[in-house]
Amino acid sequence: MSGAALAVVVVVVFFLAFFLLQRYGDVRKQQWMVLLGTLLSWYLCFLIVFILPLDVSTTIYKQCLDDNAKQPTPPAPSRRSNQSLYSSVSELKPCVEPWSYIPEGILPVFWRVVYWTSQFLTWLLLPFMQSYARSGAFSRVGKIKTALIENAIYYGTYLLIFVCLLIYVAAHPQWRLSWREFQTIGITAANTWGLFLLVLLLGYGLVEIPRSYWLSSSHGYLLAKTYFKVAKMAIEKSAAEKDLADVMEDVADVNASVRYNTNLRKCVDTILTKCPSGYQEEMTTSTSDREHVQPTERDLANLHKKVISAVQRHSQTQVQWSILLDEALHLEDVAKSLSSSARLFIRGSSSAQHRDCLCRFLYSPTVEWYWECVFRQIFYRFMAVALCLLSVAVVWSECTFFSTHPVLSLFAVFVEAAEKQYNYICIEVVCFITILFLCVCVYSTVFRIRVFNYYNLVPHHQTDAYSLQFSGMLFCRLTPPLCLNFLGLIHMDSAVSHQDRIQTSYTSIMGSMQVLSFISNGFYIYYPMLVLLLCFATIYSLGSRCLNLLGFHQYITDDELTSDLVDEGRDLTRIEGRKRQKAKDGDKQKWSWRERHRPLGVTSRTRSGYTELRDNHSSSVTEFKPNGITFSRREELEEPLRPLLDFRDEAPPQRSLTEGRYLSLSPSQAGIFDDV
């Protein structure tokens with residue numbers, strides 16, 4: 001293939017990383033430096049995961065060539081020699097080149113660029129950019145200064161650890177501190193830190209992912225958990241609205257206290273641009289008679305930081321609230337459809353319907369009923385069983401991968417069996433499934449975990465810059481130790497197998513862990529066994545119960561507080577469902593009023609019937625000319641539709657694309673019949 005497989009993987013992985021960034025980040029609004037740093041960190045980590053199986057197959061092919069080169073060539077037998085002479089000399093087995101063979105010299109350069117770039121991002125650039133993006137300073141110099149101060153302690157901690165390891169190596173009488181060993185110490189320190197966190201996240205994901213699929217096959221459990229999430233999100237939404245109102249009140253005080261002829265006015269105007277539009281209008285028109293204290297530039301920087309955080313959190317809760325309500329209403333529709341004798345999916349009028357014609361044709365109510373009520377449960381349980389078997393295989397291999405005689409690691413057994421047959425496709429499939437499952441267990445935990453309001457990856461473009469860059473840092477720190485752990489599971493790492501084999505190009509770049517024997521022969525071998533204890537802790541939900549005792553509510557089926565929150569979420573869903581239903585009924589009523597009071601002669605929207613009012617129209621009056629007679633739109637339509645202008649709903653109407661378009665009566669009345 002001459003590197004064609006490598007080129008294809010490089011392109012495909014880039015689009016995968018960009019798709020995830022588009023899902024969680026806002027490409028149009030966030031800073032391009034934040035997006036570029038996050039995209040590069042995700043892209044490099046995914047590259048390591050997808051290309052490592054190709055490195056394994058290429059290394060096995062090189063090992064075959066090396067074994068044949070070391071094996072002596074059998075002498076040419078004479079015509080009268082006995083057949084037993086042939087059996088005494090083993091024949092050379094031909095080496096088959098893998099379909100994805102990467103030419104010599106490409107992978108070492110590739111791994112060196114990918115690894116050191118990712119390490120530069122995670123230890124130097126991303127922490128600095130993280131503090132820079134979160135800073136409330138109003139100038140670049142001020143943001144850089146804030147970022148340097150915040151990262152001083154951060155960099156000092158890791159520098160202290162590195163110096164301790166450096167002193168340990170320098171004091172050892174048998175070692176000479178060369179540049180290669182100096183480089184290996186830095187890699188070992190980074191991998192040791194990553195392995196600590198890797199085992200914690202892996203132990204949680206190995207149990208939680210199969211269990212989540214199994215429990216999601218039960219509709220009752222899924223609906224109750226969604227009610228629980230709705231109740232929790234209602235609390236967070238209320239707190240976010242209150243925090244935003246408090247921050248906006250502080251902004252209003254600052255806006256009233258800072259005059260327009262002062263140097264701080266530019267800072268206040270910058271803060272106002274970050275406020276929601278509704279609050280901006282109130283601040284420009286409202287006046288306050290209270291006496292205000294003149295703020296300093298540092299006070300304005302802190303307020304600027306609070307405004308950014310409060311607005312982002314408010315936007316996140318609003319989007320999550322809408323998504324959870326749609327999910328809860330959909331699950332209620334599934335509950336109604338389960339008892340349908342016609343085998344048609346019954347979609348409630350209050351649930352969201354945003355599907356185009358093609359989707360409605362392919363995913364008809366009958367197809368939707370079979371998927372939601374029959375096949376979905378079967379599919380989820382099948383996936384749960386398959387993932388559970390993979391989890392058991394990973395746990396067993398993590399506890400036994402150090403044993404090479406006999407080979408107890410299941411993945412090492414599969415790879416060695418395929419290696420004897422030179423079945424490179426099987427080797428790559430086994431390696432890819434293994435490392436992909438490990439990454440799913442670890443990375444999914446990174447996407448799910450939430451650290452108060454500082455780190456939270458929210459889909460639908462609602463993730464802030466701080467969380468995006470923090471996730472990139474975690475990926476860059478977790479991926480190298482994860483890949484080394486994977487190579488240990490399949491006995492392709494000499495530090496584990498202690499075999500005289502050709503090392504993968506990735507291992508040659510990482511360096512030999514034998515420089516620090518207490519890490520290579522102790523911590524690196526036995527620490528992954530703790531994944532078994534973490535799996536048992538996750539099975540019995542010990543972490544969730546501890547968080548529940550500390551006041552962070554978690555969904556626990558046998559907890560009284562959970563039952564109360566489920567009931568509260570059910571009530572909130574019903575209330576919001578009635579609001580949506582009332583809004584749709586209001587739309588229908590407006591439509592009926594509009595059709596009933598349509599002027600005589602105006603039966604269709606044609607150019608001969610009337611002229612539409614465009615966005616750039618300067619006049620608020622549009623003329624109708626049916627049958628050559630000129631009527632004023634305002635005179636003809638304002639009086640019949642006056643009852644509609646006074647009509648108010650409890651919630652903004654949720655209109656679908658199939659309910660038609662409405663014309664604005666005038667600029668002052670715009671928005672009454674507009675589509676959402």
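Predicted model: local features only at pLDDT ≥ 70, side-chain atom pairs only at ≥ 80, totals over all residues.
1. **Overall make-up.** The chain has 676 residues, of which 43% count as buried. Its secondary structure consists of 23 helices and four strands. Among contacts with a separation of 6 or more, 75% are between residues 24 or more positions apart.

2. An unreviewed UniProt entry carries the annotation "transmembrane region" for residues 6-25, 32-52, 113-132, 152-171, 183-207, 378-396, 425-446 and 525-543. Two of these spans may be compared with the model. Residues 425-446 are 100% helix and 0% strand, and their end C-alpha atoms lie 31 Å apart. Residues 525-543 are 68% helix and 0% strand, with 26 Å between the end C-alpha atoms.

3. **A nonpolar patch on the surface.** Val 11, Phe 14, Phe 15, Phe 18 and Val 27 make a nonpolar surface patch of about 430 Å². One of these residues, Phe 15, lies in helix α1, which covers residues 4-24. Is Phe 15 buried or exposed? Phe 15 counts as exposed, because its relative accessibility is 54% and the threshold for that class is over 50%.

4. Asn 151 lies in helix α5, which covers residues 140-171. Its relative accessible area is 4%, so Asn 151 is buried. Which residues does Asn 151 touch, not counting those up to four places away in sequence? They are Pro 127, Phe 128 and Ser 131. With Ser 131 there is also a polar contact of 3.1 Å between the two side chains.

5. The structure holds 10 salt bridges. Side chains of opposite charge can pair when their charged atoms come close.

6. The side chains of Asp 243 and Arg 313 meet in a salt bridge of 2.7 Å, N to O. This pair links distant parts of the chain, since Asp 243 is in helix α7 and Arg 313 is in helix α10 (residues 297-337), 70 residues apart. Asp 243 has a relative accessible area of 33% and is therefore partly exposed.

7. Which residue forms a salt bridge with Asp 326? The partner is Arg 580, and the side chains meet at 2.5 Å, N to O. Here too distant parts of the chain are linked: Asp 326 is in helix α10 and Arg 580 is in helix α21 (residues 560-596), 254 residues apart. Asp 326 counts as partly exposed because its relative accessibility is 25%. Arg 580, by contrast, is buried, because its relative accessible area is 13% and the limit for that class is under 20%.

8. With a relative accessible area of 0%, Ala 328 is buried. Leaving aside neighbours within four places in sequence, Ala 328 is in contact with Leu 223, Thr 226, Tyr 227, Val 230 and Thr 573. Thr 226 is 102 residues away along the chain, and its C-alpha atom is separated from that of Ala 328 by 6.0 Å.

9. Phe 196 has its place in helix α6, which covers residues 179-216. Its relative accessible area is 44%, so Phe 196 is partly exposed. Which residues is Phe 196 in contact with, leaving aside neighbours within four places in sequence? These are Phe 523 and Tyr 527. The C-alpha atoms of Phe 196 and Pro 481 are separated by 9.5 Å, although the two residues are 285 residues apart along the chain.

How values were computed
Residues numbered from 1 in each chain as written. Heavy atoms only, no water. Helix = DSSP H or I, 4+ residues; strand = E, 2+ residues; numbered from the N terminus. Buried < 20%, exposed > 50% of the residue type's maximum accessible area, 1.4 Å probe, protein only. Polar contact = N/O pair within 3.5 Å; in protein donor to acceptor, adjacent residues only side chain to side chain. Contact = heavy atoms within 4.5 Å. UniProt positions renumbered as here; feature names shortened; annotations may be inferred. Patch = residues over 30% accessible without salt bridge, like charges linked within 9 Å, V, L, I, M, F, W, Y side chains within 5 Å. Areas by Shrake-Rupley, 256 points an atom, 1.4 Å probe, with all protein chains shown as cover. Salt bridge = Lys/Arg side-chain N within 4 Å of Asp/Glu carboxyl O.
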